[in-house]
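Student: I'd like to learn how to read a few features off a model. Can we go through them one at a time?

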Amino acid sequence: VRQANHRAFNAQLGQALPHARFVAERAELNAVLSERSGSWLLKRPFSFGGAGRRRLMTSTPDAADDRWIDASLARDGLQAEPWVERLGDYALHGFVRQGSFALGRPCLQECSPTGHWQRSAPANDLSTGERNALLSEGERTALALQQLGYRGPFNIDAMRYRLAGGPAFAPRIEVNARYSMGWAT
């Protein structure tokens, strides 16, 4: 369960945002931050619901950022992602059994500006391409969880976003190997 919920597992499945990377050392993080100017979002490996995150306003951390970064890296690494304009948050829930899995229907997640979940509803605004990408990532994730030996509920978070240009869709930005808030939807 720990390995399935660790952000490094999600990163191993492939990054959905350009320039995003899971890092274990400060030199790796510095290299990632130097790839582009602008704001960044750093996430601890086991944070959820908008907690355990830190926004860097520039690609050059200040002293308070440095302390948070060093404490995080000393524990278990960080997921570094460019700060993007979120246009919609989505989820897909599933259940993994030995030899099979089941996927639910895509959900729209309403979140606060700080990323805290507020409620879920059916996702009726996904394009056909976005819906297919989300379902495909759900299948890939379920198979990867099976290979890991995980059995039980899971969800993947996805988002529509804008980063230097038009809208884009990231069909998997996080894996949660557990029941999550929108499961009932």
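Student: Does Ala 158 count as buried or exposed?

Tutor: Buried means under 20% relative accessible area, exposed over 50%, and partly exposed in between (1.4 Å probe, protein chains only). Ala 158 has 0% relative accessibility, so it counts as buried. One caution: this is a predicted model, where local features need pLDDT of at least 70 and side-chain atom pairs count only at pLDDT 80 or more, while totals for chains, interfaces and linings use all residues. Residues are numbered from 1 along each chain as its sequence is written, and side-chain values use heavy atoms, with hydrogens and water left out.

Student: Which residues does Ala 158 touch?

Tutor: Contact means heavy atoms within 4.5 Å. Leaving aside residues up to four places away in sequence, Ala 158 touches Gly 88, Asp 89, Tyr 90, Leu 134, Phe 169, Ala 170, Pro 171, Arg 172 and Ile 173. Ala 158 itself lies in strand β9 (residues 152-162); strands (E, at least two residues) and helices (H or I, at least four) are DSSP runs, numbered from the N terminus.

Student: Now a helix. Which residues of α4 are buried?

Tutor: An α-helix has 3.6 residues a turn, so residues three or four places apart point the same way. In α4 (residues 63-75), the buried ones are Asp 65, Trp 68, Ile 69, Ser 72 and Leu 73. Seen down the axis of α4, they fall within an arc of 125 degrees (taken from the directions from the helix axis to the C-beta atoms), so they line one face of the helix. On the other side of α4, Arg 67, Ala 74 and Arg 75 are exposed.

Student: What do the buried residues of α4 pack against?

Tutor: They pack against β1 (21-23), α3 (26-33), β2 (40-43), β3 (53-56) and β4 (78-82). As for what follows α4, that is Gly 77, with a positive phi near 95 degrees.

Terms used. Expected span 1.5 Å × (residues − 1).
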